[in-house]
Amino acid sequence: MTTDFKAMVKDVSQHRAEIIERMVNFSLTDTLLFRSPDAVELIEEERKVWDPIVAWAREKMKIDFQTTQSLEAPIENNASLPRLQVFLESLSDKELVAFYEVSKITKSVLLAAAFVKGKVNADETFKAAFLEEIWQADKWGHDEQADKRRDEIKQELKDVEDFLKK
């Protein structure tokens, strides 16, 4: 799949406000905020990989999202939405395109922000985004189709990384 990033930049420039609003609302369901309730090994891996990204967002973006082991988003996270909006408004159109694409792929605005600002690269972003899925595959067995799909997604992240570097 070839992504037409130039067309996306034009589209983002025309629809910035609604894209930012969509991403702000989407942040309440950020993958990195919802932790495994019972698999001790997975919980430790989530802490090791995800906690530094959440801590980076707290420091750099002044966003204080709380994590949970429940299926409900912590109500306290609503207080950080205006600061996330300010962060998103500060991005260039090119950065917002990359942010939007990475957040769609990873289901995480925190991870997308860290990616766009160079805290993590494509490989690290992929590992964080698919941490649970890969952990389960390692534990219970790999599926060829799922592995192939993840390889394609990893390439999409590398494509976005290349786009940002241009």
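**Close-up views of helix packing in a predicted model**

View 1. The model shown here and in the following views is predicted. Helix α5 comprises residues 93–106 and helix α6 residues 109–116; they pack at an angle of about 140 degrees, and their axes lie 8 Å apart. The crossing of this pair is right-handed. On the α5 side, the contact is made by Glu95, Ala98, Phe99, Val102, Ser103 and Thr106, which meet Val109, Leu111, Ala112, Ala113, Phe115 and Val116 of α6. By class, the residues of this contact comprise nine nonpolar, two polar and one charged.

**View 2. Helices α2 and α4 pack with their axes 10 Å apart.** Helix α2 spans residues 16–26 and helix α4 spans residues 81–90, and the angle between them is about 140 degrees. This angle makes α2 oblique to α4. The crossing of α2 and α4 is right-handed. From α2, the residues Arg16, Ile20, Met23 and Val24 take part in the contact, where they meet Leu81, Leu84, Gln85, Leu88 and Glu89 from α4. Six residues of the contact of α2 with α4 are nonpolar, one is polar and two are charged.

**View 3. Helix α8 (residues 131–140) contains the buried residues Leu131, Trp135 and Ala137.** Viewed down the axis of α8, the buried residues fall within an arc of 165 degrees, and they therefore line one face of the helix. These buried residues pack against three helices: α3 (40–61), α7 (122–129) and α9 (144–165). After α8 comes glycine 141, which has a positive phi, near 120 degrees.

**View 4. Valine 54 is a residue of helix α3.** Valine 54 has a relative accessibility of 3% and so counts as buried, the cut-off for this class being under 20%. When neighbours within four places in sequence are left aside, the residues in contact with valine 54 are Leu32, Arg35, Phe65 and Leu110. Glutamine 14 and valine 54 are 40 residues apart along the chain, and a distance of 30 Å separates their C-alpha atoms.

How values were computed. Residues are numbered from 1 along each chain as its sequence is written. This is a predicted model: local features need pLDDT of at least 70, side-chain atom pairs count only at pLDDT 80 or more; totals for chains, interfaces and linings use all residues. Side-chain values use heavy atoms; hydrogens and water are left out. Buried means under 20% relative accessible area, exposed over 50%, partly exposed in between (1.4 Å probe, protein chains only). Helices (H or I, at least four residues) and strands (E, at least two) are DSSP runs, numbered from the N terminus. The arc is that of the directions from the helix axis to the C-beta atoms. Contact means heavy atoms within 4.5 Å. Axes are lines fitted to C-alpha atoms, for helices over the stretch in contact, and angles run from 0 to 180 degrees between N-to-C directions. Angles under 35 degrees count as roughly parallel, over 145 as roughly antiparallel, 65 to 115 as roughly perpendicular and the rest as oblique. A crossing is left-handed if the near helix is turned anticlockwise from the far one by less than a right angle, and right-handed if clockwise. Ala, Val, Leu, Ile, Met, Phe, Trp, Tyr, Cys and Pro count as nonpolar, Asp, Glu, Lys and Arg as charged, and the others, Gly among them, as polar.
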